[in-house]
Protein chains: 2
Amino acid sequence: MVRASEFETIQRYFAPLSTNAAGAFGLSNDAAVWQPQKGHDAVITTDCMVAGVHFLADDPPSLIAGKLLAVNLSDIAAMGARPSAYTLAVAWPADIDDKWIEAFAKGLGEAQMGAGISLIGGDTVATPGPLTLSLTAFGEIPIGAALSRGGAQDGDDVYVTGTIGDAALGLKLRLGELSLDHGHDRDFLIGRYRLPQARSDFGRALPGVASAAIDISDGLLADLGHIAEQSGMDLEIQAADIPISASVQTCVDVDPALMALVFGGGDDYELAFSAPSEKAEQILTLADTTTTPVRRIGRVLNSSNVTPEVRLLDETGKAIVIDRPGFRHF
Amino acid sequence: MVRASEFETIQRYFAPLSTNAAGAFGLSNDAAVWQPQKGHDAVITTDCMVAGVHFLADDPPSLIAGKLLAVNLSDIAAMGARPSAYTLAVAWPADIDDKWIEAFAKGLGEAQMGAGISLIGGDTVATPGPLTLSLTAFGEIPIGAALSRGGAQDGDDVYVTGTIGDAALGLKLRLGELSLDHGHDRDFLIGRYRLPQARSDFGRALPGVASAAIDISDGLLADLGHIAEQSGMDLEIQAADIPISASVQTCVDVDPALMALVFGGGDDYELAFSAPSEKAEQILTLADTTTTPVRRIGRVLNSSNVTPEVRLLDETGKAIVIDRPGFRHF
């Protein structure tokens with residue numbers, strides 16, 4: 001197995017990803033220098049992924065890299081910020097060779113180019129355990145404009161981007177816990193699990209429009225639950241309005257119980273947000289200009305409960321009870 | 001084994017570490033909001049530590065936490081910056097229980113209080129592998145004032161803080177590869193390996209004084225080599241001037257070959273820097289006001305080599321040849 005030293009690995013594969021950021025010093029310094037542009041806050045997020053837990057060890061390295069960046073950029077988008085830069089910490093197991101690292105760095109390079117950002121620092125170490133990746137992403141937003149999970153108001157509409165449940169079904173397919181005849185549906189769903197797309201363009205346009213936002217990583221109902229809890233509001237969601245892909249529809253037609261994965265499965269990295277009803281038209285325009293599918297799925301209501309709740313309703317207005325409201329990585 | 005959910009773990013043990021930072025939202029948001037104070041750059045560094053590689057799995061959790069923060073703050077100090085905040089990503093193996101996490105968080109709390117900083121975000125995940133910790137630290141420095149490894153000039157003096165080689169001998173003792181009769185020396189050296197102290201107060205006073213700086217993590221000669229290479233200068237170091245502790249002296253008296261670990265061992269997290277000779281008095285004053293031991297160990301010279309080099313000289317001016325110039329974690 002060919003494996004360069006840590007220093008050579010950084011110089012050969014990662015330093016080229018830093019060339020657009022002067023303050024990265026070509027990854028040759030103790031730390032990077034960076035600042036948000038004038039009048040802007042920095043938005044900072046960290047996400048960690050472990051082989052066998054958050055991705056499969058034999059997934060293509062470029063997709064692992066793309067997912068690692070996407071899950072972080074999704075958090076930046078949920079804050080309403082524009083992505084700017086990132087640092088990377090990697091613990092490599094002994095069976096990762098130069099070829100793997102090269103493909104990983106290439107995937108990272110493509111993903112960062114898509115987002116218009118640069119690597120500005122990091123650390124690479126050896127581990128006797130599984131490949132462990134930790135990425136810290138930086139965004140910028142006008143001071144005070146960052147969105148939070150609190151802020152949803154009585155009467156607001158609730159929206160989601162994209163389609164929900166794709167990734168959870170993709171993982172099931174990937175693990176062989178579900179089978180699907182149609183190759184296209186299978187590829188689509190597994191692709192959505194392997195390489196989510198952060199809603200960066202749409203997210204950064206949400207400040208001044210949305211009242212609260214979150215990205216859907218732990219499952220739609222669990223993540224909406226965070227908005228409910230931190231806003232002190234109930235959310236009423238129309239199950240029939242939750243957007244699902246044709247591929248998920250195919251699966252659900254065969255086994256309706258799979259809808260639980262639409263409500264509770266994670267890893268879609270779509271955005272969920274609330275907004276006053278007078279913003280509806282502006283949101284449609286925004287969806288159009290950023291070519292982002294957006295759907296209204298419910299509304300925000302004053303809560304009469306001690307613990308605000310998310311109510312999922314069927315077409316007759318009856319509550320749907322879900323056993324497992326969220327997906328937890330633990 | 002008692003183990004709370006990821007959400008409860010964060011709320012119970014880590015959210016209290018974020019209360020001094022408004023932009024951390026009590027660790028309840030997708031990302032944190034932070035900015036360097038007006039007229040300042042952000043300085044950003046990431047360091048990763050793996051159980052069995054960078055610390056021993058049975059080391060006390062509070063010391064592991066303290067070391068994790070210290071190695072990052074050492075990078076911030078080497079840039080001449082003031083530490084401000086940090087994010088943490090942790091991959092917990094199954095045998096880490098709540099009691100361990102509580103002790104780890106307590107150690108982190110004590111370490112951050114000592115540095116006057118706050119946790120502002122992070123991620124905790126499960127791993128089938130060893131405990132893996134990744135910390136990203138943020139500092140602040142007046143715009144353009146950050147130190148780098150380049151910048152050493154012909155005629156500058158070379159200095160180090162503290163004593164060198166303690167941690168490398170401490171690790172050898174801890175691993176049972178070295179024995180030492182005197183309990184105090186043993187405790188001191190192992191303590192230096194387990195819990196380095198970042199030279200934060202001294203480092204942040206170095207801009208305008210030092211011409212180049214680095215923290216000694218990979219070994220004195222290896223890290224001085226980075227200054228030589230990036231400054232395009234040779235460094236001449238007087239071996240007899242390298243400050244060593246009484247405990248290292250005791251070991252070296254028994255086995256002079258252990259001096260190789262002073263020259264090449266890592267993990268001391270002291271600062272090495274160059275400065276024009278007219279700054280000598282200012283540096284002594286600074287050492288005094290920050291109670292930081294500082295010693296001049298050599299000088300910077302124009303290099304006549306294609307690859308600038310670090311020359312280690314004995315008391316007669318003869319070059320000392322070291323087989324293994326640096327410690328690499330790989």
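This tour moves from the whole pair of chains down to single strands and helices.

**Before you select anything**

This is a predicted model: local features need pLDDT of at least 70, side-chain atom pairs count only at pLDDT 80 or more, and totals for chains, interfaces and linings use all residues. Residues are numbered from 1 along each chain as its sequence is written, while chains are lettered from A and ligands numbered from 1 in the order in which they are written.

**Stop 1: both chains**

Show chain A and chain B together. A rotation of 180 degrees, with 0.0 Å of shift along its axis, superposes chain A on chain B at RMSD 0.0 Å. Now pick A:G129. Within chain A, its C-alpha is the nearest to the axis, 2.1 Å away.

**Stop 2: the contact between the chains**

Select the contact residues: 53 from chain A and 53 from chain B. Two residues are in contact if their C-beta atoms, placed from the backbone, lie within 7 Å. Of the contact residues of chain A, 100% recur in chain B, so the same surface serves both copies. Colour the chain A side by element. Helices (H or I, at least four residues) and strands (E, at least two) are DSSP runs, numbered from the N terminus. Strand 2 of chain A gives the most to this side, with 9 residues. Other elements that give two or more residues include helix 2 and strand 7 (212-215) of chain A.

Next, colour by class. The chain A side divides into 25 nonpolar, 19 polar and 9 charged residues. Ala, Val, Leu, Ile, Met, Phe, Trp, Tyr, Cys and Pro count as nonpolar, Asp, Glu, Lys and Arg as charged, and the others, Gly among them, as polar.

**Stop 3**

Find the open sheet of 5 strands with the order 1(A)-2(B)-5(B)-3(B)-4(B) and mixed pairing. Two strands pair if DSSP finds at least two bridges between them. The edge strands, each pairing on one side only, are strand 1 (32-34) of chain A and strand 4 (118-126) of chain B. Neighbouring strands are turned by 20 degrees against each other on average, direction ignored.

Zoom in on strand 3 (residues 82-92) of chain B. This strand runs parallel to strand 4 of chain B, joined by 8 bridges. Select B:Y86; its bridge partner in strand 4 of chain B is B:L119.

Then cross between chains. Strand 2 of chain A and strand 1 (residues 32-34) of chain B run antiparallel, with 3 bridges. Here A:I44 has B:A32 as its bridge partner.

**Stop 4: two domains in chain A**

Chain A is divided into domain 1 (6-142) and domain 2 (157-313); the bounds come from an automatic or database domain assignment. Their centres, taken over C-alpha atoms, are 26 Å apart. In contact are 18 residues of domain 1 and 18 residues of domain 2. On the domain 1 side, helix 2 of chain A supplies the largest share, 10 residues. That side has 11 nonpolar, 3 polar and 4 charged residues.

**Stop 5: a helix pair in chain B**

Bring chain B back. Select helix 4 (residues 166-174) and helix 5 (residues 183-194) of chain B, which pack at about 110 degrees with axes 7 Å apart. Axes are lines fitted to C-alpha atoms, for helices over the stretch in contact, and angles run from 0 to 180 degrees between N-to-C directions. Helix 4 and helix 5 of chain B are therefore roughly perpendicular to each other. Angles under 35 degrees count as roughly parallel, over 145 as roughly antiparallel, 65 to 115 as roughly perpendicular and the rest as oblique. Among the contact residues are B:L169 and B:L173 of helix 4, and B:L189 and B:I190 of helix 5.

Key: Copies are superposed by least squares on the C-alpha atoms of residues with pLDDT of at least 70 in both.
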